[in-house]
Amino acid sequence: MNYRPLILPKLSWEKKLSSSTYGELVVQPLEPGFGTTLGNALRRVMLSSVEGSAVTSVIIKGVNNEFSSVKGVIEDTLHVLLNIKEVVIKNNTGQPGKMRLFVKGEGVAKVADIKADEHLELINNDHVIAHLAVDGELDIEFFVETGRGYIPAQWPQGTALQADGRIYLDAMFSPVKRVEYHIEKTRVGQEIDYDKLTVGIHTNGAVAPQDVVHYSTSVLRTQLEHFLLATEIPFNEISRSEEDFTGKEGRLDVEGPTKGLPVELFLKPIDELEFSVRAHNCLIGAGIKRVIDLVNLTDEDVLKIKNFGRKSLREVKEILAAFGLHLGMNVKELDLKKAIKEQEGNLKS
């Protein structure tokens, strides 16, 4: 059976915005509607399924429950435990590990004071664990585990107090703090309804945003493979990249203001530009039904339209710019039709 090809997207990272805790991934072009489908799926997996490490229990010398206090430590034990939950740990092997903190005398106990196993790396070294007075002494042993998502404190059943004085903590393992995505329309050759997906990934620094995408994609692909009830359709082999759509045969160029743009874009209805309902209705009410009718207007012409304000004007200009268009282009319809006929003649020959 002959299947219709799909367009293959390209991925790029915004280098100017990249850091150890933030990355912005741009995916384009995507088949219409795929921006929402892929963006939502990736976001949900990133937030719920990426593995990370966290402290799951501690032993604080001289303390056997979270409601006690430590002599010479300004914060109570509960406050100290809350600070411990915010320690960011990078685990290079995924194996459990231990850490140790011993601070004595007046000062501030920070993450930088913690000594960890070789495969554990502490990220937020300036994070404060507790403040100590002159006679203060803080001795803590941390137990680190790896997991996914959120897990409540795993207290052994039947015993409120542990023989070794261990206190169990609920843990948020996920290194991903926030994921947001938005979708814009993008042009491929003569078509203007393809999707451009932008995904912003915020992490705690334990895992790079690029690794988060790789992990999440692997999870999705592994799960989706089980939905295949027959031999997989080789869409990667039969599909095409953007260049295949925008080569010389697929682009209609003319001299003047439309050079470098597909001519048929100007003859499409403004519905395909997806303006807001208010802006769209105002334009239609003024008899502006095609892209060429709109781009031939000036800013002043548009503002003269009934109920059309500067906010709507700004929206129109931003959407036009996304397609390489602008107001005041002064495009002649006869030139467009002539260019289309010439192109059709070249294709037949």
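Guide: Start with the naming of elements: helices (H or I, at least four residues) and strands (E, at least two) are DSSP runs, numbered from the N terminus. The model is predicted, so local features need pLDDT of at least 70 and side-chain atom pairs count only at pLDDT 80 or more, while totals for chains, interfaces and linings use all residues. Residues are numbered from 1 along each chain as its sequence is written, and side-chain values use heavy atoms, without hydrogens or water.

A pocket also needs a definition. On a 1 Å grid over the protein atoms alone, it is an open set of points where a 1.4 Å probe fits, with protein on both sides within 12 Å along at least five of seven lines; lining residues have an atom within 4 Å of a point. Points are joined across faces, edges and corners, and the volume is the space filled by probe spheres set on them.

Which of them gives the largest share? E4 does, with 4 residues. By class, the lining has 10 nonpolar, 6 polar and 4 charged residues. Here Ala, Val, Leu, Ile, Met, Phe, Trp, Tyr, Cys and Pro count as nonpolar, Asp, Glu, Lys and Arg as charged, and the others, Gly among them, as polar.

Follow the chain on from E4. The loop between E4 and helix H2 (77-85) holds Ser68. Ser68 is buried, at 18% relative accessible area (buried is under 20%, exposed over 50%, partly exposed in between, with a 1.4 Å probe and protein chains only). Its side chain meets that of Asn65 in a polar contact of 3.1 Å. Such a contact is a pair of N or O atoms within 3.5 Å; within protein, one must be able to donate a hydrogen and the other to accept it, and residues adjacent in sequence count only if both atoms are side-chain atoms.

Next, the largest pocket. About 1,300 Å³ of space lies there. Its 28 lining residues include Phe34, Leu38, Arg221, Leu224 and Asn236, the ones nearest its centre. Two or more residues come from each of E1 (7-8), E3 (22-30), H1 (34-49), H3 (209-224) and H4 (235-238). The classes are 20 nonpolar, 4 polar and 4 charged.

Strand E3 holds Pro29. A cis peptide bond joins Gln28 to Pro29, with omega about -10°. Most peptide bonds are trans.

The other is H4, by way of ring pairs. The whole structure has 2 aromatic pairs. Tyr3 and Phe235 form one that is edge-to-face, 6.2 Å centre to centre with 65° between the planes. Tyr3 sits in the segment before E1 and Phe235 in H4, 232 residues apart. Rings of Phe, Tyr and Trp (its six-membered ring) pair if their centres lie within 6.5 Å; planes under 30 degrees apart are stacked, over 60 edge-to-face, the rest tilted. Tyr3 is partly exposed at 38%, and Phe235 is partly exposed at 27%.
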